[in-house]
Amino acid sequence: MDFSNVSILAIILAVVANMVIGALWYSPVLFSNIWVRALGKKMEDIDPKGAYVGYGLTTLGGIFTAVVLSLFIQLLDTVTILDGALFGFLIGLIAAFRELSPTFFESRNYTLFFISAGYHIVALTVMGIIIAAFV
């Protein structure tokens, strides 16, 4: 694997896209109310100070994911934006469904699983499109 072919601009754009999708996904525009209810809490119960750690970890995870996704996409002989979307989608499915067994065995709320799984699938698909555009 050749790290010299990893586009820093693609990584930055993919990480920003991941953060924007996450911000929208867990906002009142999309799923925050359902998500908070599935947690068994009220919005007032959510500590905004904990969000800073969450944003930091999401950013680090996004950087790592974008770099690895970029390396995987580079393994393809030819790359189109559709290839990037498909590759990101498939990696998103893997990430999402890895959470299914702990959801079941730990009796987690399935609504939380579906919200989280959807976020991973959509975010990784978009990240794949962005990265493929720069390969």
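Guide: What follows sets computed values against their definitions.

This is a predicted model, in which local features need pLDDT of at least 70 and side-chain atom pairs count only at pLDDT 80 or more, while totals for chains, interfaces and linings use all residues. Residues are numbered from 1 along each chain as its sequence is written, and side-chain values use heavy atoms, with hydrogens and water left out.

Visitor: What makes up the protein, in helices and strands?

Guide: The protein has 6 helices and 0 strands, where helices (H or I, at least four residues) and strands (E, at least two) are DSSP runs numbered from the N terminus.

Visitor: Why are H1 and H3 called oblique to each other?

Guide: Helix H1 (residues 8–25) and helix H3 (residues 48–74) pack at an angle of about 135°, with their axes 9 Å apart. Angles under 35 degrees count as roughly parallel, over 145 as roughly antiparallel, 65 to 115 as roughly perpendicular and the rest as oblique, and H1 and H3 are therefore oblique.

Visitor: How do you know that Ser107 is exposed?

Guide: Buried means under 20% relative accessible area, exposed over 50%, and partly exposed in between, using a 1.4 Å probe and protein chains only. Ser107 has a relative accessible area of 63%, so Ser107 is exposed. Ser107 lies in the loop between helix H5 (100–105) and helix H6 (110–133).

Definitions and conventions. Axes fitted to C-alpha atoms, helices over the stretch in contact; angles between N-to-C directions.
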